[in-house]
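Subject: Structure handover

Hi,

Here is the structure for you to look over. My notes on what turned up follow below it.

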Amino acid sequence: QVQLVESGGGLVQAGGSLRLSCAASGRTFGNYAMGWFRQAPGKEREVVSAISWAGAYTYYTESVKGRFTISRDNLKNTVYLQMNSLKPEDTALYYCAADGVPLNYRGSDYVAGDFGSWGQGTQVTVSS
């Protein structure tokens, strides 16, 4: 099991930027793909982005392509989500999660059930 702690959320005006961080501990971080999810009130949790264990492959949901960038630093056991040109519809609780299977990457096929460890979430609020 891995422990995940997100940070970096906050309140920002539309068009602004935020950088989310997710610090991991407890197992070999570099062996696991990571994902960022979000959940807005009354909506299902959706995958926003994912990155393979070595960072070679990334996935973005269509609505954030060109605005969000996922990256990871395996020496620091941290995954990041740089969010630019934020929109009010990006408002949600953002979670990071670790794939439940080592050396596995599903890209666009990822669903929440593929991830075995979750952080507590960090709130992102974008005002218009």
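Predicted model: local features only at pLDDT ≥ 70, side-chain atom pairs only at ≥ 80, totals over all residues.

Residues are numbered from 1 along each chain as its sequence is written, and side-chain values use heavy atoms, with hydrogens and water left out.

Rings

Aromatic pairs are Phe, Tyr and Trp rings (for Trp, the six-membered ring) with centres within 6.5 Å; planes under 30 degrees apart are stacked, over 60 edge-to-face, the rest tilted. The count is seven aromatic pairs. One of them is Y57 with Y105, stacked at 6.2 Å centre to centre and 25 degrees between the planes. Y57 is in the loop between strand 5 (46–51) and strand 6 (58–60), and Y105 in the loop between strand 9 (92–99) and strand 10 (115–118), so the pair ties together parts 48 residues apart in sequence. Strands are DSSP runs of E, at least two residues, numbered from the N terminus.

Y105 also pairs edge-to-face with Y110, at 5.8 Å and 75 degrees. Y57 is exposed at 54%, Y105 partly exposed at 23%, and Y110 buried at 4%. The cut-offs are relative accessible area under 20% for buried, over 50% for exposed, partly exposed in between (1.4 Å probe, protein chains only). F37, Y57, Y95, Y105, Y110, F115 and W118 form one aromatic cluster.

Charges over rings

The test is NZ of Lys or CZ of Arg within 6 Å of the ring centre and within 35 degrees of the ring normal. R19 sits over Y80, 4.0 Å from the ring centre. R45 lies over Y95 at 3.9 Å.

Cores

A nonpolar core joins buried Ala, Val, Leu, Ile, Met, Phe, Trp, Tyr and Cys residues through side-chain atoms within 4.5 Å. The largest has 27 residues, and W36, L81, M83 and Y94 have the most contacts inside it. A second, separate core of nine residues includes A33, V47, Y59 and F115.

Sheet

Strands pair if DSSP finds at least two bridges between them. An open sheet of four strands runs 1-3-8-7, with antiparallel pairing. Strand 1 (3–7) and strand 7 are at the edges with a single partner strand each, so one side of each has no neighbour in the sheet. Strands 3 and 8 pair over six bridges. C22 has V79 in strand 8 as its bridge partner.

Best wishes
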